[in-house]
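Here are my notes on the model you sent over. Please read them with the structure open beside you.

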Amino acid sequence: MNVASLPDVEHARFNMVEQQIRPWDVLDPNVLELLFKVKREEFVPPSMRALAFVDTEIPLRIDDYDSGENMLAPKVEARLLQELALKPSDSVLEIGTGSGYQTALLASQAQTVTSVEILPKLAAFAQANLKRAGIANATVQVGDGSKGWGSTEYDAILVTGSVPEVPDSLKYQLRVGGRLAIIVGQAPVMTALLITRTTAASFETISLFETLVKPLRGITVSKFKF
C-alpha cells in the first residue's frame with residue numbers, strides 16, 4: 001500500500017491500524033481488513049470526529065446530550081474482536097451498544113448480533129449509524145443487560161463496560177464452546193478476560209490484557225475499601 005497516495009482520512013486510518021492496533025497483538029488479517037472496511041469515523045459523534053483515529057476513548061456526546069459514556073479505544077475494540085474468534089455462523093450478544101461501532105465489527109464477522117443498550121438516546125444513535133452503514137444483521141434493544149438478556153444461548157458475548165466480577169448469568173448464556181469477552185475489576189486494576197464454556201457446568205478463563213474502562217451501567221460497584 002502506497003501510504004503517501006492515501007487521502008487524509010485513509011492515511012489516518014492506516015496509521016491507527018499500524019501504529020496502535022497491530023502493536024497490540026492484533027494480527028488476524030480478517031480483523032485488520034475489517035478495520036479498513038467499517039468506517040469508524042461514521043460512528044463517532046459529529047463534534048468528536050477529529051478524534052476518530054486517536055488512541056483514546058471518545059466521549060459519546062450527541063448534539064446537546066452527554067451520555068456520560070465513551071467509545072473504547074480502537075486497540076481495545078480490535079483486540080476484543082480478535083479474541084472472540086467469530087465464525088460466520090455465530091450468534092452474538094453485545095452488552096452496551098454505545099455508538100454501534102463495535103456492533104458493526106461483530107456483525108461483519110457473525111451471523112447475527114443482538115446488542116443491548118441501557119440508554120435510549122444512545123440506542124437510537126447506534127441504530128441510525130448501523131442503518132447508514134448498511135449493517136442489517138444487528139438489532140439494538142433498549143434495556144439493562146448487565147445480568148444477561150433473555151433466555152437464548154449465544155456463541156459469543158461481548159461486554160463493553162467493566163464489571164467488578166463476572167455475572168454467572170452471563171456465563172450461562174453461552175453455548176458450550178461459546179466465548180465471553182469481559183473486562184473485570186475496579187480502578188485502578190482491571191483485566192480483560194476470555195471465558196469459554198467447555199461443558200454444561202465448566203468454564204476456562206484466560207487473562208488477555210490489563211486496561212481501565214468505565215463500569216457497565218446497571219452493575220453495582222462496591223465502595224468498600226480495606
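Buried here means under 20% relative accessible area, exposed means over 50%, and partly exposed lies in between (1.4 Å probe, protein chains only). Helices (H or I, at least four residues) and strands (E, at least two) are DSSP runs, numbered from the N terminus. This is a predicted model, in which local features need pLDDT of at least 70 and side-chain atom pairs count only at pLDDT 80 or more, while totals for chains, interfaces and linings use all residues. Residues are numbered from 1 along each chain as its sequence is written, and side-chain values use heavy atoms, with hydrogens and water left out.

1. Overall build. The protein has six helices and nine strands. Its radius of gyration is 17 Å, close to the 17 Å that the globule rule gives for 226 residues, so the protein is as compact as a globular protein of that length. That radius is taken over C-alpha atoms, and the rule is 2.2 Å times the number of residues to the power 0.38. Along the principal axes, the C-alpha atoms fill a box of roughly 55 × 40 × 40 Å.

2. Of the 226 residues, 52% are buried. Contact means heavy atoms within 4.5 Å. Among contacts with a separation of 6 or more, 53% come from residues 24 or more positions apart.

3. Surface and charge. The accessible surface is about 10700 Å², and carbon and sulfur atoms hold 54% of it. These areas come from the Shrake-Rupley method with a 1.4 Å probe; for residues, only the protein chains shown count as cover. There are 22 positive and 26 negative charges, and their mean positions are 3 Å apart. Lys and Arg count as positive, Asp and Glu as negative; His and the chain ends are not counted. Each charge is placed at NZ of Lys, CZ of Arg, CG of Asp or CD of Glu.

4. Helix α3. How many residues of helix α3 (residues 74–84) are buried? Eleven of the eleven are, so the helix is largely enclosed by the rest of the structure. The buried set includes charged types too, among them Lys75, Glu77, Arg79 and Glu83. Just after α3, Ala85 takes a positive phi of about 50 degrees.

5. Helix α4. In α4 (residues 101–109), eight of the nine residues are buried, so this helix is also largely enclosed by the rest of the structure. Tyr101, Gln102 and Gln109 are among the buried residues.

6. Four of the five residues of strand β1 (residues 58–62) are buried, so β1 is largely enclosed by the rest of the structure. Strand β2 (residues 65–71) runs antiparallel to β1, and four bridges join them. Two strands pair if DSSP finds at least two bridges between them. Ile62 has Tyr65 of β2 as its bridge partner. The hairpin has two residues between its strands. Is Asp63 buried or exposed? At 74% relative accessibility, Asp63 counts as exposed.

7. Arg13. This residue lies in helix α1 (residues 8–21). Arg13 counts as buried, at 0% relative accessibility. Beyond residues up to four places away in sequence, Arg13 touches Leu35, Phe36, Val38, Lys39, Arg40, Glu41 and Phe53.

8. Ala126. Look in helix α5 (residues 120–132) for Ala126. Ala126 has 0% relative accessibility and counts as buried. What does Ala126 contact, leaving aside neighbours within four places in sequence? The partners are Thr97, Gly98, Ser99 and Gly100. Ser202 is 76 residues from Ala126 in sequence and 35 Å away in space, C-alpha to C-alpha.

9. Ile195. Strand β8 (residues 189–197) holds Ile195. At 2% relative accessibility, Ile195 counts as buried. Lys171 is 24 residues from Ile195 along the chain, and their C-alpha atoms are separated by 7.8 Å.

10. Backbone points to check by eye. A cis peptide bond joins Ala187 and Pro188, with omega about 10 degrees. Pro188 sits in the loop between β7 (174–186) and β8. Asp25 has a positive phi near 65 degrees, in a residue other than glycine. Asp25 is in the loop between α1 and α2 (29–37).
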